[in-house]
Amino acid sequence: MGKKNRERKKKKRNHLLGALIVMSLSICAAAVVLIFLPRQKQTWTKPEELLITYMEHAQNHDYEAMYAMLAEEAAARISREDFIKRNSAIYEGMDTQNMKVTILSCDRERNSIKYNNSFDTLAGGVSFDNEAWFVIGDGGYKLLWKDSLIFPGLDSADKVRIRTVPAKRGNIVDRNDRILAGFGKASSVGIVPGKLKNKDLAVKKIADLLGIKPAEIENKLGAKWVKEDSLVPIKTLRNVEEIQLRSQTPDQEAEKEYDRQQKLLAIDGVMISDTEIRKYPLGKAAAHVVGYVQNVTAEDLEEHKGEGYTANSVMGKSGLEHVFERELKGEDGCGIYIVDADGKEKEAIAQRKVKHGEDIKVTLDSELQTALYEQFRKDKSCSVAMDPYTGEILALVSTPSYDNNDFIIGLSTKKWTKLNKDKKKPLYNRFRQTWCPGSSFKPVTAAIGLDCGALDPDEDFGSEGRSWRKDSSWGAYRITTLHTYQPVILQNALIYSDNIYFAKAALKIGAEQMERSLLEIGFRENLPFEFSMAESRFSNTETIETEIQLADSGYGQGQILVNPVHLAAIYSAFCNRGSVIKPHIVQDEESTPKYWKLQAFSETAADTVLSGLKKVVNDPHGTGYAAHRKDIVLAGKTGTAEIKADKNDTSGTELGWFAIFTADKAAKRPFLLISMVEDVKGRGGSGYVVAQDRKVLENWLKVSLR
């Protein structure tokens, strides 16, 4: 049955091909486009069919089949090996794609066909008219091949040259035009094989100094292209001058690198030259937000086929480098030329001008970014700073961090293993994840309760002491708080960060209303931000399933998980009369702020919560009073989230949170800062975060108040 189907398909293909050929013969002087069709035939009774098949083989790089179609006199002028070498070098060197042949006319008396050949190349589209000649014998038509069949005007002594002008990758700069990613110098270590003395010993010594295996050097020296006088690149090292410019301890680090390079230069055959590389001046302070580039892989080339990447390209692999890869990379210039035996250019076949990558200006402030990193660099933490009135992101920090410059010069296996096995996970981007917010979530519960009418800000919930459960249906489960106070009203509950008050508030709101309100402010929704962030959620399932879970959710526990950037955006509503700002990291020339959620809260609810948040920082009893200042009005909220394996876990850890912002829109440099630190249990809880943020804000506010 399968054989019969194959026969029918074969007859159908031959019938269609015959119809196309007949059509071209019937209107021989007109233009007829012939598409390539699969065929098994090896004898051609029509030259049109032979030409189409020949070009199909060229498209498919089947040079053996092409050579088999040549007339004897043509084959006598070029060997099979030379024919394959010449055609493959040209067609594959140009990266020929989408070839199409259009028959223009055919001359039976002269055994010739005029046709148009068009295809895509590295340098763009190519289209030309050409003429092919044939001979006919007992075996049908054969092709009188000559070099001009590839390109008109191409002689046997000519060559096709491809010249590439690499596009310069765009810079990434901060709001003050400080370079975050740009071009810098590195030192390229190379070896001239013919100048090595006592090769085995020299290679071992070089390998030791470079921290690599001798086999790696041997492999590079053994490449086919390498000759005795070739300069073979082995490894890229940091440039001593660059180290002096950006290192915290320039003398020590630069001196160490200088000493190493001098030892390398003392070995005969070693050369060190300056080379241009991608540079990240802030290094660890901004590695997670800026990201890094790496050389493309075979998988990258396949996945991004047709996008202008070559084996020598780099590609953004993380951070801003990845997010804005398309804009930053630019487009290489390329030209395809016919040159004569002396290398003189005869004709330009195709040309594409170089298009350098765009510069990307972002809203980050390098000084604030660096200050936050330095303050938290020993912690497992993340920080988000933004202008709550414009949505501009001023800093995005994740600690501990890694030096993205290491990915440019090449990470050793030892260093890569160390990074991956580090328990603090320096490669882990914490500001993109979701975390249990603890008490930093209480203002959200308050605003929801006020808007749905469940809360009266002046209602006294009554003191329950430091432990409370609703009734016996909760069993042994109780909610605890740290302070007792009177009266138990909303403003005091925020000041003292009362878990019991907000648990009761959540129960008054109800599960359905809580879920509906959280969905309205972006939970289970993609944050409209240049970076992809994990979605905030209020339950591990579709709903808040139990009364205890609802009560715990009210004070930011239960199964509430929030992304820090999302939380910062929600807090902006307390500055914007209830509307949630749309965060962005690319500098926007438009001065009009864009909102993600208009009137997420009512103006009355936002103002009421804002009044309480001011007291958290400015009332001596407030949990954020350590950040209080006399020269500017600040507002904020602390939070400590308990992370337990289950309700009975007594050895769990704690996350510390602090959200603080300028409460006056007229502030010279308005800001909203949210920081989260893991493992603060026994270190002061959220108080530890308050103290760290206060140190960072000292300098920021000094500039604001000048």
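**Close-ups of a predicted model**

**View 1. A positive phi at H61.** H61 sits in the loop that links α2 (47-59) to α3 (63-67); helices (H or I, at least four residues) and strands (E, at least two) are DSSP runs, numbered from the N terminus. Not being a glycine, H61 still has a positive phi of about 60°. H61 is partly exposed, at a relative accessible area of 35%; here buried means under 20% relative accessible area, exposed over 50%, and partly exposed in between (1.4 Å probe, protein chains only). As background, most residues other than glycine have a negative phi, and most peptide bonds are trans. This is a predicted model, where local features need pLDDT of at least 70 and side-chain atom pairs count only at pLDDT 80 or more, while totals for chains, interfaces and linings use all residues. Residues are numbered from 1 along each chain as its sequence is written, and side-chain values use heavy atoms, with hydrogens and water left out.

View 2. (The expected span is 1.5 Å times one less than the number of residues.) Buried in α6 are A202, V203, I206, A207 and L210. They cover an arc of only 135° around the axis, so they fall on the same side of α6; the arc is that of the directions from the helix axis to the C-beta atoms. On the face turned away from that buried side are the exposed D200, L201 and D208. Just after α6, G211 has a positive phi of about 70°.

**View 3. A three-stranded open sheet.** The order is β6-β13-β14, with antiparallel pairing; two strands pair if DSSP finds at least two bridges between them. At the edges are β6 (159-165) and β14 (345-352), each pairing on one side only. Seven bridges join β6 to β13 (residues 333-339), and R163 stands opposite G335 in β13.

**View 4. Two cis peptide bonds.** T399 and P400 are joined by a cis peptide bond, omega about -5°. P400 is in the loop between β17 (393-399) and α15 (405-409). From Q486 to P487 the bond is also cis, with omega near -15°, and P487 belongs to the loop between β19 (479-480) and α18 (490-496).
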